[in-house]
Amino acid sequence: QAPGLASAMALSGRSLVAAALMVALTAAAGLEPKTISVSLQADWNVPPLLSETIEVIGSVSSNSYWQFLDEIARSSLPSDTDYQQYALTASAAKAGGLGPSSMAALNYSLSLNFFAPKYEMYVQLASAHLHEAAEALAAQGDGEGAAALRDCTAEPLVFFAEGSDWACGLEGFEKDWPAAEKKAAEKKKEKKGEGEEGAAAAASVAVPSAQPFDFDRQTGQGVRVIVYADVASMSFRALHTRLRALAAEGRVQYTLRPAHPASSQKRTGLALQG
């Protein structure tokens, strides 16, 4: 798990002390100091600014995480470029009560790209689950369903733990949600049923299992729904608003993994310097 902002600042402080000690020892030995600059290209991508921002804020508290996402969903500001995403971040942060000192800390953490590896983890998970689900559909002779799943590149990808296995965007969710809720209600009526694990196993597409890092990224109680989405997209805002309302009613357990299977195609490798 990526360390939080406090840990990052402590690590930076220790690095500065070590560097100062090396300079002092070099001067004491009468040696000419030499500077070595290294630039590397990481295997993981530069995360979208907004995706990294919510991870920084989420490292503070789960409540802050969901409050910030709610502010994003309510906004009508565009978010196609990093500049626009930063303007949206500043607007949502102000609406959420983030002061100047907190914004300075946020800017510092963003400059470190501290959560870039975690974002890449979300991208890899999204890609793996998309591939597994499409392969399962194809193996069952549903080539049309497999193709439709792979074509869900512009909308959030939704996986259900009950009923229909997946949906593409808000429109697909609204179409498949009633069946998922009905099946969940039927399971509750059974005295001894398969439960969530059995329901997932019986589904035609394997539902992503809950992970430890999902604990602070889920809200509500009810039908488990895992969403892979580009949080900067307008389509995410509409789906998020709908799922938050259902979570407040106790009808869904909404888990967000803020990356889309198509995300890796839109970014460049992260440059590491030291």
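This is a predicted model: local features need pLDDT of at least 70, side-chain atom pairs count only at pLDDT 80 or more; totals for chains, interfaces and linings use all residues.
1. Strands are DSSP runs of E with at least two residues, helices runs of H or I with at least four, both numbered from the N terminus; two strands pair if DSSP finds at least two bridges between them.

2. Strand 2 (residues 157–160) and strand 5 (residues 223–228) run antiparallel and are joined by four bridges. Val 158 has Val 227 as its bridge partner in strand 5.

3. Helix 2 (residues 49–58) packs with helix 4 (residues 82–95) at an angle of about 30°, the axes being 9 Å apart. Axes are lines fitted to C-alpha atoms, for helices over the stretch in contact, and angles between N-to-C directions run from 0 to 180 degrees. From helix 2, Leu 49, Leu 50 and Thr 53 take part, meeting residues of helix 4 including Tyr 86 and Leu 88.

4. Gly 220 is located in the loop between strand 4 and strand 5. Gly 220 is partly exposed, at 24% relative accessible area (buried is under 20%, exposed over 50%, partly exposed in between; 1.4 Å probe, protein chains only). Beyond neighbours within four places in sequence, Gly 220 contacts Ala 247, Val 252 and Gln 253.

5. Residues are numbered from 1 along each chain as its sequence is written. Local features need pLDDT of at least 70 and side-chain atom pairs 80 or more, while totals for chains, interfaces and linings use all residues; side-chain values use heavy atoms, without hydrogens and water.

Terms used:
Contact means heavy atoms within 4.5 Å.
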